[in-house]
Amino acid sequence: MQDGDNESLSVGGLPRNQSRFKVNKVEGEEENGAILVSQNETPRPRQVQFVVDMDEDDARAADTAQHPTVTYKTSNFKSFRNVETVERVPIVDYYRDVMSIEGAIATRPSLAELHEEHYANDAKNFETFKLLDTPSPSLKPDKAGSGRLRLGWIQGVLVRVVLSILGTILFLRVSWMTAHAGIGCSILIVLCSSAVSVITCLSMCAICTNGEIKGGGAYFMISRSLGPEFGGSIGLAFAFANVVAAAFCSVGFAETLRDLLKEHGLIFIDGELNDIRVIGILTMVLILAIAVVGVSFESKAQWVMLVVLTVSLVDFLVGTLLPPDEVQQSRGVTGYSTETFLTNFWPDWYGETFFSVFSVFYPATTGIMAGANISGDLDNPATAIPKGTLLGIAVTSLIYAGTVIVTGATVIRQASGEISDAVNGSISACAQNGTCSFGIMNYYQTLELLGAWGPLVTAGIFAATLSSALAGFVSGPKLLQALGKDKLFPFVAWFSFPYGRNREPRRAYVLAFFLGLAIVSIGEINLIAPIIANIFLVCYALINYAVFDASFAGSPGFRPSFRYYNQWVALIGALLCVAIMFVLSWWKALLTFLLTGALYVYIHHRNPDVNWGSSGQAHSYKSALHSTLKLASTEEHVKNYRPQLLLLTGNPVSRPSLVDFGASITKDVCLLVCGHVLLSSLPFKRQQMQKLIEEIYQWFTKRKVKSFYTFVVSDSLHTGVRSLLQSVGVGKLRPNVVLMGFKNDWKESTPEQVEDYFKVIHTVFDNYCGLAILRLQNGLDFSDRIAKCDLMGSDASKSASNVAELSPPAAPTAIDHPVAAGNFISPEESQTVLREDSYMTYGSKESSELPKTEAEETEEILEYLSEEPPAPSGTEPQDSFIPSVFKDVKTRHLSSDQRQLMYDINRFQTRLKHAVIDVYWLFDDGGLGLLIPHLLTLPQSFLRNAKLRVFTVATSRSQLEREQRSMAALLSRFRLDYSDVIVIPDLTKRPSNSLIEEFQEFIFSRRAETSAEETGDRSISSDVFITATEYDTLKPKTYRQLRIKELLHEHSFGAQLIVLTLPIPRKSVISASLYLSWLDFVSKDMPCPVLYLRGNQESVLTFYS
């Protein structure tokens, strides 16, 4: 298959193996002085020129002068207005608004007037199609049996939640809260905290029952709902917070044990902070030992602590029923008393506020995730987490509220602790001078004071703190293990390595242990506590927001079996969590958001290769759908016109330069669709192409191209293109311009192939689209050259001396070659060499050297996709079958052919400095011939900041100066930046005889008479070959094209891009061979790319604001 083969149906770049097509983006700069306009030339002011017939010496002098003086030779010129053509040259009247003051005083010919053989307003018939529903494949759940220990909802969730919530604050701070806030406000604080917990739990239940829940708990739920950025940032912070919570509880345990030991005269070091640190370290060692043994032993230890905690609470309640002794009375214990209850019912803030008291109590309720954090160890997380967490919240809320009522009804606020004061009734007199040491206002050990046997309550404190510490210590590494499995952060995966039958993250346990030691060394509860609550609250807020977001997005995939949730309640819960964060400490809340935001940005920048179907994707779809529907009902306006390209690339990997050229036009602001026509008669299923589609989109991403890809299967190219034009897009997001490559090998192709390619042009105009045809001398299809270079690359590596003898290929004018001036490639490029592509050489080596027809290659592709060949023995399995011409080998060098191939592939990714674009806007097409070159001069294009020279046609010899000023004014009103305007008065001049003879020789083999003599077939189709009648009839237009060739050689031989108005072939008037001869002959000798461009005769430019 040769360079110019049909772009839409080329499949030569498709592989038989799974290897990815990779090329290096070649960055290069232009050589000084390599273009016609020198880099050292001083910039001249914008000027307008027009070309006339003058002597060569005069022309050279005029070209070098800053302000040339032009003389005309108007003899033997034919006025363009007398030429028999429907075409109209560009004038300002065509761009006036009909409703404007000036009105539309002239109209350009429509596309139908130019294209149709007999123009008429015929009614158009449309076929009716039925939409056939295809059954979706059945999904079979993948059940993998395991011998791991699975926990039920009681042991795995309920026990953990109860032990995590009933902690140090229950025994040491509830009585203090009752003293300041009173029984009424204290119950309100408990209810508010419980309300946030219940709302969060309802949201968590909705997420848990919306699919299978694996290990990771809160991280898993948030990441699968809101995406890896939210999940990863909160997951890492939440794992850290759980370890800090374990250290916090260890410090609380150490502080209580230190006080108890001091009462008995036992001191380790100094009886103060150092003793707390020593006890805390020993506690962390004990917790590590329990965790390393396994989740089974840890669960049994939790049962033991639950029993101790229950006994301590029973001891506390029994003690309140017993009559107080003298010591208890002196410390404010009254027993159940209505007077005490009424006195303590109302608040006495005593320097505190509602929010300060709330901030002290709320961290007690942050243990609701204890069961969810070990979701990977639960037998049925979707059932266990909702049931166990809701019941745990209900039980602990009742316990907290009951403790508030009991302590408020049995103990007064202020007490001196003196028995004599209790006897004479002055027990609270100390409150006046602030010397009271007892009472619920001052004595934190009130629950122990009320207990029937104090040591049991102390044992409950120990059980509560140790159980909370153990739950946090186990939860943190479990979260870290889930993070490591998803590989969102580097080096975390090493700590997630599982050990034993229960797959315990022992490395993470060790990491948590050392982190806990660092926190324990602080030794101050008041310094550690603020670190925990904010991170827990951020997690709860995101869980609530995840439910709201998923519900609001309306994704059909969000259908939890748990029905008792509401999206607006979840949103209120999220806002409450954020509000509580600022109530606790506004600057700590801001710091927490800053840290989690930094992690979010890091993960977003890292762009992990995961797809979890997050609600963000649902929002993107919903937003795109609503925007598309809104756009569909909005009337189009010329100011908002965007060229939406359908790029006929075939396999995009085979034509990377064509893709890059199209991307330079659309950038990130216009629609770009790569269309692929597969010629095949085989039964076809879309699933056969699904992997190819995925690999092509990966190729787009690596090449930094924002494009869609679509394909059709058809028996001919033009019918496939018609299908693409009729089916691609939705609403107003539909292609309005088709960009394709020129068929360089059309003269060697069969008549059927030439006719098929020619019909594509008619098909584009039939669908009322603009058309752009890009011509490169070396072609756009690199599949054959890749195969050739791959075969060269499969030979033995050349030595450095042999490589040094290779000279780099000559670069085109004004373009630096991607390889440096020396004979060796750069260090970056030394990482890659061309390699043999297994699809192109599948079977025998000779098969890659023999060209195949498009249909043969398409059938070969489909056969390959339907049944992939096994990987050769001794090779690693490939994960891609996009053809790759590079692999990582540092010891080899590129040959000159390979370097030339690299340059051609990446030529439209290398910026050209001081470039010039020559625009031959000969006939008015609506302005597309100006808009596309202008877009190519904008940023993100290989021709950004290029000079724009506009060539146009004069309609009258006597009005040259006026038309020159008119065109300059038109371009200025269009706000298009141009450097020169050149008016051509002699487009109708007869070309030279030598050029006419050269053209006749060029088309000799495509004449109908010649073909009939060679083939002996007298029924040669006039639609393909050139007849004598046709040539004579279209001789004026042929001469016009030849004259254009002369102008190109005269003015644009040093340009970096030529944009030329595409002549429209009138149906049944011009044959395929004559039309392609025009395009081929005009552009075949130009060293730069030539872009034939034609709009659909509708305005795409306007000068109205």
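Reply: In this predicted model, the side chains of Asp486 and Arg224 form a salt bridge, with an N to O distance of 2.9 Å. The two partners lie 262 residues apart and link distant parts of the chain: Asp486 belongs to helix α16 (residues 454-486), and Arg224 to helix α6 (residues 218-226). Asp486 counts as buried because its relative accessible area is 17%, which falls under the 20% limit. Arg224, at 21% relative accessibility, counts as partly exposed.

A second salt bridge joins the side chains of Asp1080 and Arg775, again with 2.9 Å from N to O. Here helix α38 (residues 1072-1083), which holds Asp1080, is linked to strand β6 (residues 770-775), which holds Arg775; the pair is 305 residues apart. Asp1080 is buried, at 5% relative accessibility, and Arg775 is buried with a relative accessible area of 5%.

A further salt bridge connects Arg1043 with Asp986, whose closest N and O atoms are 2.5 Å apart. Arg1043 sits in helix α37 (residues 1035-1051), whereas Asp986 lies in the loop between β11 (980-984) and α34 (993-1002); this pair, 57 residues apart, also links distant parts of the chain. Both Arg1043 and Asp986 are buried.

Terms used:
Residues numbered from 1 in each chain as written. Predicted model: local features only at pLDDT ≥ 70, side-chain atom pairs only at ≥ 80, totals over all residues. Heavy atoms only, no water. Salt bridge = Lys/Arg side-chain N within 4 Å of Asp/Glu carboxyl O. Helix = DSSP H or I, 4+ residues; strand = E, 2+ residues; numbered from the N terminus. Buried < 20%, exposed > 50% of the residue type's maximum accessible area, 1.4 Å probe, protein only.
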